[in-house]
Amino acid sequence: MYIQAFSYKMWADERILAAIKAIDRNTFSEPYSFALQQINHMVIVEELFQSRLTNRPAPHCSTNTDVVPAFSELSKRLIDSGSWYLDFVPTYQSGEKAISFTFADGQRGRMTVDEILFHVLNHGAYHRGNIAHALDLASVPHPIDGYGIYIHEKEPERRNT
């Protein structure tokens, strides 16, 4: 199920990135900046959890940055992150032991691989919802990214039953 869930996440991320790209940055600079900040935060969190899953040093010391990278960089990093999770999911066994780590705020934490994967999926959905509001403010239709829409787009034959 995680392979399908991360495929869905990539589909939803690509749709939200396309919508952000459609924002008129001159007229709607605040919603655009907010959307980029949300993508920046999303990808930083995903990269932090990648480091925890691979027992590597944390690549960030915070879940935000003072300067938000350009849309092109954020888009690439978010898509690369989604690909990383899709490659990772088949390599682990559900129910693996918990991983101890330090959150960016300095608090200690311990989560199983399944909990980390669920968190990454849920975290992205939450922030895509926040971005949808910014898109509304910028007069850009936000993509409907429900799982039911995804599965029927990928498997249209399900509509014929």
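Student: What makes β1 and β2 a pair, and in which sense do they run?
Tutor: Strands pair if DSSP finds at least two bridges between them. β1 and strand β2 (residues 108-111) have 4 bridges, in the antiparallel sense. Therefore they count as paired. Strands here are DSSP E runs of at least two residues, and helices are H or I runs of at least four, numbered from the N terminus.

Student: Before we go on, where do these values come from?
Tutor: This is a predicted model, where local features need pLDDT of at least 70, side-chain atom pairs count only at pLDDT 80 or more, and totals for chains, interfaces and linings use all residues. Residues are numbered from 1 along each chain as its sequence is written, and side-chain values use heavy atoms, with hydrogens and water left out.

Student: Which residues of β1 are on the covered face?
Tutor: I99 and F101. S100 and T102 are on the uncovered face. In a regular strand the side chains alternate between the two faces of the sheet.

Student: Why is α2 called roughly antiparallel to α4?
Tutor: Helix α2 (residues 29-53) and helix α4 (residues 113-137) pack at about 175°, with axes 9 Å apart. Angles over 145 degrees count as roughly antiparallel, under 35 as roughly parallel, 65 to 115 as roughly perpendicular and the rest as oblique. So α2 is roughly antiparallel to α4.

Student: Why is Y8 called buried?
Tutor: Y8, in helix α1, has a relative accessible area of 15%. Buried means under 20%, exposed over 50%, partly exposed in between (1.4 Å probe, protein chains only). So Y8 is buried.

Student: What does Y8 touch, not counting residues up to four places away in sequence?
Tutor: R128, D145, G146, Y147 and Y150. Contact means heavy atoms within 4.5 Å.

Student: Why is R158 called partly exposed?
Tutor: R158 is in the segment after α5 (147-154). Its relative accessible area is 39%. Leaving aside neighbours within four places in sequence, R158 is in contact with I151 and H152.

Conventions:
Axes fitted to C-alpha atoms, helices over the stretch in contact; angles between N-to-C directions.
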